[in-house]
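Subject: Model handover

Hello,

Here is the structure I promised to pass on. Please look it over, then read my notes below.

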Amino acid sequence: MAKPSSEGDSSTASRTGSRSTMRESSLKGCGFSSFTGFRAEKEDVLRLAMPLYLRLAMLDCIKKKDVDAGDQHFQTSGSEDDPCCENPVVVFINPKSGGRNGSVLQDRLQHMISQEQVFDLHNVKPDEFVRYGLGCLEKWAEKDNCAKETRKNIRVVVAGGDGTVGWVLGCLGVLHEKDQFPVPPVAIIPLGTGNDLARSFGWGGSFPFARRSAIKRALQRATNGRICHLDSWHVVVQMPGGEVVDPPHSLKTTEVCDVDQNLKIEGRVPDKVNCYEGVFYNYFSIGMDAQVAYGFHHLRNEKPYLAQGPISNKIIYSGYSCSQGWFLTPCMSDPSLRGLNNILSIHIKRKNSSKWEPIEIPRSVRAIVALNLHSYGSGRNPWGNLKPDYLKKRGFVEAHVDDGILEIFGLKQGWHASFVMVELISAKHIAQASSIRLELSGGDWRDAFLQMDGEPWKQPMSKEYSTIVEIKKVPFPSVMVNGE
């Protein structure tokens with residue numbers, strides 16, 4: 001294509017100059033004490049900014065939802081004034097995360113990199129970036145070297161909690177399914193409450209907003225950190241048709257219930273069923289812990305002024321858990337306070353085995369968790385660091401985030417869970433599995449509570465029919481950046 005006209009060039013230069021001036025003055029107000037210091041910071045981060053024509057082309061494609069919408073910005077070759085980027089990054093940020101600091105961080109990142117490379121998740125969704133932004137680069141990769149190198153080297157930074165990270169990972173996973181490689185690796189700026197994904201990959205449990213150099217260091221680690229893999233787990237929920245359920249963001253309706261037909265369902269299945277599917281990266285749980293999380297989320301949505309940051313969230317969460325009966329186990333008149341073995345049966349497949357086998361649920365267990373990471377509940381390790389002799393005795397193997405198995409453990413009453421969470425004792429070890437089948441039958445229970453990666457929901461229970469939850473490993477791993 002022909003290069004833009006001289007009028008377009010001057011307009012671009014004007015926009016670039018004004019943005020540069022604005023960035024300099026804004027960064028001075030963000031803690032940079034001198035113009036010389038600003039220049040040094042700017043030189044360090046300019047290598048993250050893509051050429052202007054690429055940024056504008058991708059943004060037009062995303063906004064108009066059309067991979068052809070950015071064609072007018074491309075040149076036959078990159079100009080000397082607009083060289084290819086060494087370490088291209090895009091940032092997805094949830095400005096409501098991190099208490100009141102999310103929007104401040106967004107402004108600083110836009111000034112340090114470029115406005116077009118920092119996306120507010122309320123305005124630009126990850127799937128739109130994957131389909132149209134990366135699609136724009138792939139379209140022009142054969143004709144434009146900068147587009148080719150940017151698509152090859154681009155990395156994604158997610159500023160938010162575990163739910164936000166999981167959302168972005170799920171959208172990037174589509175590239176595996178379509179054989180569009182490489183899949184951009186994901187780095188994390190932890191802004192959530194638990195931040196267990198961030199902890200597991202060396203990004204820490206919180207972001208140090210008070211440190212002047214924190215943003216720069218995070219971006220350096222995002223571009224230079226080594227690449228590693230994370231197992232992803234596919235969940236299918238099959239329930240009787242007609243039941244009303246408000247599923248979390250991570251579960252979507254599907255027409256096909258992809259449950260293993262080789263394992264017979266113990267209860268009855270109606271002619272009409274509703275099916276949902278989703279992916280988790282950290283944990284799936286059922287029972288009292290999910291019930292507490294469900295109540296906490298509703299309280300936070302009703303009274304958002306109570307949740308101003310991670311510390312206040314944890315205080316409210318702890319208080320709410322005390323009000324839900326987890327610490328009052330003698331009150332057995334309420335069915336929801338009884339053990340899960342009254343409503344639940346579990347079958348598993350062990351690693352490298354195609355055979356389903358039943359697993360006994362201890363009578364005292366009131367919450368069951370299938371864990372993928374070493375970090376749960378804001379950095380705790382309830383599975384524990386087990387000694388080799390114990391692993392051999394139980395037939396377990398050492399746990400890793402990319403080993404293709406989940407650790408299944410149980411929590412009893414609230415006191416037991418409290419001791420587990422402060423790591424005085426380990427949780428009740430149940431099994432390790434490469435696939436899991438949960439079958440729920442109601443009886444006296446009207447509802448069960450489940451959650452995936454901190455997103456809880458209330459699952460209606462039927463007295464006549466079973467609800468099935470099946471978990472199996474996604475065939476391809478998620479690609480992460482290690483922040484250590």
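In these notes, buried means under 20% relative accessible area, exposed means over 50%, and partly exposed is in between. Keep in mind that this is a predicted model.

**Disulfides**

By the sulfur distance rule, the count comes to two disulfides. A disulfide is a covalent bond between the sulfur atoms of two cysteines. Counted along the chain, the bonded cysteines follow the pattern 1-2, 3-4.

Start with C84 and C146, which are joined with an S to S distance of 1.8 Å. The link of C84 and C146 is left-handed, at -105 degrees about the S-S bond. C84 sits in the loop between helix 3 and strand 1 (89-93), and C146 sits in helix 6, so the bond ties together parts that are 62 residues apart in sequence. How accessible are the two ends? C146 has 4% relative accessibility, so it counts as buried. C84 has 34%, so it counts as partly exposed.

The other pair is C257 and C275, with sulfur atoms 1.1 Å apart. C257 is in the loop between strand 7 (251-253) and strand 8 (273-280), while C275 is in strand 8, so this pair ties together parts 18 residues apart in sequence. C257 is buried, with a relative accessible area of 18%. C275 counts as buried too, at 6% relative accessibility.

The cut-off is 2.5 Å. C136 counts as buried because its relative accessibility is 1%. C228 also counts as buried, at 14%.

**Helix 6**

C146 leads on to helix 6 (residues 145-153), whose buried residues are C146, A147, T150 and R151. Seen down the helix axis, they fall within an arc of 130 degrees, so they line one face of helix 6. They pack against helix 3, helix 5 (126-140) and helix 7 (162-177). The face turned away from this buried side carries the exposed residues N145 and K152. At the start of helix 6, a side-chain oxygen of D144 comes to within 3.0 Å of the backbone nitrogen of C146.

Six strands make an open, antiparallel sheet in the order 14-13-12-9-16-17. Strand 14 (428-433) and strand 17 are the edge strands, and each pairs on one side only. From one strand to the next, the twist averages 20 degrees.

Strand 9 (residues 283-287) and strand 12 (residues 367-371) run antiparallel and are joined by five bridges. There, G287 has A367 of strand 12 as its bridge partner.

Strand 16 (residues 447-452) is joined to strand 17 (residues 455-460) by six bridges, also antiparallel. D447 stands opposite P460 in strand 17. The hairpin of these strands has two residues between them, and D453 takes a positive phi near 50 degrees.

**A loop residue**

Have a look at A49 as well, in the loop between helix 2 (35-46) and helix 3 (52-64). Is A49 buried or exposed? A49 has 12% relative accessibility, so it counts as buried. Beyond its neighbours within four places in sequence, A49 is in contact with R55, C85, I113 and Q117.

Best regards

Definitions and conventions:
Residues numbered from 1 in each chain as written. Predicted model: local features only at pLDDT ≥ 70, side-chain atom pairs only at ≥ 80, totals over all residues. Heavy atoms only, no water. Pairing = 2+ DSSP bridges. Helix = DSSP H or I, 4+ residues; strand = E, 2+ residues; numbered from the N terminus. Buried < 20%, exposed > 50% of the residue type's maximum accessible area, 1.4 Å probe, protein only. Contact = heavy atoms within 4.5 Å. Axes fitted to C-alpha atoms, helices over the stretch in contact; angles between N-to-C directions. Arc of directions from axis to C-beta. Polar contact = N/O pair within 3.5 Å; in protein donor to acceptor, adjacent residues only side chain to side chain.
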